Amino acid sequence: MNMRVLLVDDHPLMLEIMRAVLMKEFDEAEVHCATDLEEALAHARSAGPPELALLDLGLPGCRGLDALTRFRKVLPEVPVVILSAIEDAFVIHAAFRAGARGYLPKTTKRAVMQAAIRLIADGGTYVPPQALLIYDAKLKLSERQFEVMCCVARGLPNGRIAEELD
């Protein structure tokens with residue numbers, strides 16, 4: 001499958017590994033790498049939007065889901081897969097609420113990662129097993145408590161949570 005992919009991670013080794021994974025799954029893929037959000041957005045402005053983006057949450061200058069939120073504001077039509085070391089179910093759920101089409105913990109096995117990326121590239125959504133925990137937690141929280149927890153998972157400070165939830 002010939003597609004343009006934007007891979008954004010601040011760790012050179014992770015970029016190299018993920019590039020290899022993508023090239024193996026999509027043999028004709030054009031994979032562009034960026035080490036921070038600004039570099040990624042600049043590339044998308046100059047080369048045009050990619051058909052798929054893999055985005056780390058722990059980018060320099062970004063906190064919580066800030067990288068995803070900022071990316072989606074500039075490129076809302078691009079399917080985004082979060083690639084993160086964070087496996088917390090609340091963070092995963094918050095990422096989907098912020099517009100992610102998939103969430104891949106960095107501990108995901110290569111075969112699962114390749115299948116998930118193919119699924120998302122074909123228009124689907126991939127939810128990791130860790131996110132299933134959110135439903136148990138959601139049943140034990142009021143709707144308002146759940147909204148607050150999602151804001152906390154996005155890395156918002158108390159004042160911003162108060163503003164956002166009015």
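## Helices and the parallel sheet in a predicted model

Helices α1 and α5 are oblique to each other, in a model that is predicted. The angle at which helix α1 (residues 12-25) and α5 pack is about 60 degrees, and their axes are 10 Å apart; since angles under 35 degrees count as roughly parallel and those from 65 to 115 as roughly perpendicular, the word oblique applies here. The crossing in which α1 passes α5 is right-handed. On the side of α1 the contact is made by Met18, Ala20, Val21, Leu22, Lys24 and Glu25, and on the side of α5 by Arg110, Met113, Gln114, Ile117 and Arg118.

A second pair of helices, α2 and α3, can be described in the same terms. Their axes come within 11 Å and cross at roughly 15 degrees, and α2 and α3 are therefore roughly parallel to each other. The crossing of α2 and α3 is right-handed, and the residues that make the contact are Leu37, Glu38 and Leu41 from α2 together with Ala67, Arg70, Phe71 and Val74 from α3.

### The sheet and the helices on it

The strands form an open sheet of five, in the order β2-β1-β3-β4-β5, and their pairing is parallel. At the edges stand β2 (30-34) and β5 (102-105), each of which has a single partner strand, so one side of each is left without a neighbour in the sheet. From one strand to the next the twist averages 20 degrees.

Strand β3 takes part in two of the pairings described here. With β1 it runs parallel, and four bridges join these strands; within this pairing, Val8 has Leu55 of β3 as its bridge partner. With strand β4 (residues 80-84), β3 pairs in the parallel sense over three bridges, and Leu54 stands opposite Val81 in β4. Helix α5 (residues 110-121) packs on the sheet, where it touches β3, β4 and β5, and its direction makes about 165 degrees with that of β5. Helix α2 (residues 37-47), for its part, lies across β1 (4-8), β2 and β3, and runs at about 160 degrees to β1.

In a regular strand the side chains alternate between the two faces of the sheet. Along β3, Leu52 and Leu54 point one way while Ala53 and Leu55 point the other way, and all of these residues are buried.

### Asp56 and Ser84

Which residues does Asp56 touch, not counting those up to four places away in sequence? They are Val8, Asp9, Asp10, Ala67, Leu83, Ser84 and Lys106. Asp56 itself is found in the loop between β3 (52-55) and α3 (66-74), and its relative accessible area of 4% makes it buried, because buried means under 20%. A polar atom of the Asp56 side chain lies 3.3 Å from the backbone nitrogen of Gly58.

Ser84, which Asp56 touches, is found in strand β4 and is buried as well, with a relative accessible area of 2%. Leaving aside neighbours within four places in sequence, Ser84 is in contact with Asp56 and Leu57, and also with Tyr103, Leu104, Pro105 and Lys106. A polar atom of the Ser84 side chain lies 3.0 Å from the backbone nitrogen of Ile86.

### Residues with other accessibilities

Thr69 is found in helix α3, and at 28% relative accessibility it counts as partly exposed. Between the C-alpha atoms of Thr69 and Met14, which are 55 residues apart along the chain, the separation is 22 Å.

Asp166 lies in the segment after α8 (158-165). Is Asp166 buried or exposed? At 84% relative accessibility, Asp166 counts as exposed, because exposed means over 50%. The phi angle of Asp166 is near 60 degrees, which is a positive value in a residue other than glycine.

| Residue | Relative accessibility | Class |
|---|---|---|
| Ser84 | Ser84: 2% | buried |
| Asp56 | Asp56: 4% | buried |
| Thr69 | Thr69: 28% | partly exposed |
| Asp166 | Asp166: 84% | exposed |

Methods. Residues are numbered from 1 along each chain as its sequence is written. This is a predicted model: local features need pLDDT of at least 70, side-chain atom pairs count only at pLDDT 80 or more; totals for chains, interfaces and linings use all residues. Side-chain values use heavy atoms; hydrogens and water are left out. Buried means under 20% relative accessible area, exposed over 50%, partly exposed in between (1.4 Å probe, protein chains only). A polar contact is a pair of N or O atoms within 3.5 Å; within protein, one must be able to donate a hydrogen and the other to accept it, and residues adjacent in sequence count only if both atoms are side-chain atoms. Contact means heavy atoms within 4.5 Å. Two strands pair if DSSP finds at least two bridges between them. Axes are lines fitted to C-alpha atoms, for helices over the stretch in contact, and angles run from 0 to 180 degrees between N-to-C directions. Angles under 35 degrees count as roughly parallel, over 145 as roughly antiparallel, 65 to 115 as roughly perpendicular and the rest as oblique. A crossing is left-handed if the near helix is turned anticlockwise from the far one by less than a right angle, and right-handed if clockwise.
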